[in-house]
Amino acid sequence: MAIRCSVMRGGTSKGLYFHAGDLPNDSPTRDAVLLAAMGSPDTREIDGMGGGHPLTSKVAVVRPSKRDDADVDYLFLQVWPDRAEVSDSQNCGNLLAGVGPFAIEEGLVKAAGETTNVRIWMENTHSLAVASVQTPNGRVRYDGETHIDGVPGTHAPIAIEFLDVAGSTCGALLPTGHAIDVIEGIRVTCIDNGMPVVCLKAEEVGLSGYEEPLAIENNHDVCELVERLRLAAGPLMNLGDVTSATVPKMCLLAPAQHGGVISTRTFIPKRVHDAIGVFGAVSVATACLVPGTVAHELARGVAGDDVINIEHPTGYFSVTLDVNVNGSDVVVNYAALLRTARLLMRGDVFVPSAVWPDA
């Protein structure tokens, strides 16, 4: 059976974008359809549209919003290549970059002048984002001069502003109530500004923090230690048992090497990211501004209204933040960043009829 969808690159990820009305209403059937569409479980995802990596096995489900303050609702779903699992436990700021163009392309939002603002309600975290999409002559523009590390070439910029994402998953910016917690003798900072992240110094797990992602993945002792820390941090961050969850992300930190504020290596959670996720970058950047955190100890010369360049294995990620710190009281006033996206293909994805017998 055929189900219409678009294939889009959003930021440094790639996935399938669906109209919510074209998918099953019940989650188990929907998940079965998406697993079949992606070709999971199979590490190559050879019998589907997935790319055999978590960053290329993603789904955006979009619908017209019933909210007065939003144009569309966006649900992010992670389809795991190596197991029959679809997760909605986290948001994805990279695929978010494609939601605005998709909404305009599909007639959910009407283009308005040279730039169209699309207000997006992010269902995973119950928070708002506003994406500014270039729409000269009423059409989405994808070509341009903006480069983001992790994506070849240049494209049209998509500015994304986040509203009220601090504590959106864990209930507080610092969900444990502390800038520092100690787990297995290792000092960590647990933070949630759109993505639950556990920050720790790479040197505390025996690394420099500048290793290539594959080298870290092949260091089984380090991976096992990082996973133990993640499992222990889950309950502390009000996330409960995170054994099968995609959050919190674990971020190994080191002093910046290339003119940025801090260097990162991020687990997602059992692979090491070739770059860093959008909301992960926002959370780490915020940690750099909060006195007493492990990130603040390593960060180089930042203030509460700076553009913060987060170094990662393939370049850097720039986050604009406005944060007020008054003693232990931390208020995030504004968070924004720049992404790009591109429509790659649209049409129908085919799945076996048996996975959706009541269609």
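Glu297 and Lys201 form a salt bridge (a side-chain nitrogen of Lys or Arg within 4 Å of a carboxyl oxygen of Asp or Glu), with the closest N and O atoms 2.8 Å apart. Glu297 lies in helix α6 (residues 294-298) and Lys201 in strand β11 (residues 196-201), so the pair ties together parts that are 96 residues apart in sequence. Helices (H or I, at least four residues) and strands (E, at least two) are DSSP runs, numbered from the N terminus. The model is predicted: local features need pLDDT of at least 70, side-chain atom pairs count only at pLDDT 80 or more, and totals for chains, interfaces and linings use all residues. Residues are numbered from 1 along each chain as its sequence is written, and side-chain values use heavy atoms, with hydrogens and water left out.

**Salt bridges**

- Lys201 counts as buried at 13% relative accessibility, whereas Glu297 counts as partly exposed at 39%; buried means under 20% relative accessible area, exposed over 50%, and partly exposed in between (1.4 Å probe, protein chains only).
- Salt bridges that share partners join Arg4, Asp22 and Glu106 into one network.
- The structure holds 15 salt bridges, one of them between the side chains of Arg119 and Asp71 at 3.0 Å, N to O.
- Arg119 lies in strand β6 (residues 115-122) and Asp71 in the loop between β3 and β4, so this pair ties together parts 48 residues apart in sequence.
- Arg119 is partly exposed at 30% relative accessibility, and Asp71 is partly exposed at 22%.

**Helix α1**

- The twelve residues of α1 (residues 27-38) should span 16 Å at 1.5 Å a residue, and the end C-alpha atoms are 16 Å apart, which agrees; the expected span is 1.5 Å times one less than the number of residues.
- Nine of the twelve residues of α1 are buried, including Val33, Leu34 and Leu35.
- The buried residues of α1 pack (contact means heavy atoms within 4.5 Å) against β1 (2-10), β2 (13-19), β3 (58-64), β4 (72-79), β5 (86-87) and β17 (341-350).

**Strand β1 and its partners**

- Seven of the nine residues of β1 are buried, so β1 is largely enclosed by the rest of the structure.
- β1 pairs with β17 in the antiparallel sense over nine bridges, where pairing requires that DSSP finds at least two bridges between two strands.
- Cys5 stands opposite Gly347 in β17.
- β1 also pairs with β2 in the antiparallel sense, over five bridges, and Val7 stands opposite Leu16 in β2.
- Two residues separate β1 and β2 in a hairpin, and Gly11 in the turn has a positive phi of about 60°.
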